Amino acid sequence: MQRKEPFKFMLQLAMFGSGLLFLGLLVFYTILSRPEAGFGKLILPEIFWASTLLMLISSLTLYLAEWSFDKHNFKSYRFYMGSTLALGICFIVMQLLGWKELFELNANSAIRTSRGFIVMISGLHILHIVVGLIFLVKIFIESLKRLSYVESFVYSVNPPNQLKVNLIVFYWHFVDILWVILFLYLWWQN
């Protein structure tokens, strides 16, 4: 029987807790946004579609970074890691622009609570993205410190470094899937 990695297990527990938090918020939002509760229909910003696409692309670029890391193609690894960082930052900017559009499109006071919930849900998701970006920056900086192939290779075969890359990829995919589920639910609900 293979030993369970404690850091991965702790990350899984944290992700499970985050999933329950978001599930609770969506249930609460569903109850509050029922037609009989007197809330109007909320218009989701178009930019949320584009930011969702960015999240999916960032998941792909991080997968390619991990694949390049495993294949010892360190130039590609650094490129895809940097691309993932840039896409994550763009996602946050697009979400903030989406909030502005959300308030402009939904100025009606009858949907103020729904609008506030969407901002809270996407804001909590942004917080999760920021946590992921902190770790991505740390790993990206480590990769830039080892530009020679030999230094990069030695770094890549070290099990703790492999674990760091695997954990951030695992976390980022979770955050990506979480946003897609949240966005599709909010879109379907409205």
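Trainee: Why does F16 count as exposed?

Mentor: Exposed means over 50% relative accessible area, buried under 20%, and partly exposed in between (1.4 Å probe, protein chains only). F16 has 55% relative accessibility, so it counts as exposed. This is a predicted model, where local features need pLDDT of at least 70, side-chain atom pairs count only at pLDDT 80 or more, and totals for chains, interfaces and linings use all residues. Residues are numbered from 1 along each chain as its sequence is written, and side-chain values use heavy atoms, leaving out hydrogens and water.

Trainee: Which helix holds F16?

Mentor: Helices are DSSP runs of H or I with at least four residues, numbered from the N terminus. F16 belongs to α1, residues 6-32.

Trainee: Which residues of α1 are buried?

Mentor: An α-helix has 3.6 residues a turn, so residues three or four places apart point the same way. In α1 the buried residues are L11, M15, S18, F22, L25, L26 and Y29.

Trainee: What does S18 touch?

Mentor: Contact means heavy atoms within 4.5 Å. Leaving aside residues up to four places away in sequence, S18 touches H128 and F174.

Trainee: How much of the protein chain is buried?

Mentor: Of its 190 residues, 43% are buried. The protein chain has 6 helices and 0 strands.

Note on methods:
Helix = DSSP H or I, 4+ residues; strand = E, 2+ residues; numbered from the N terminus.
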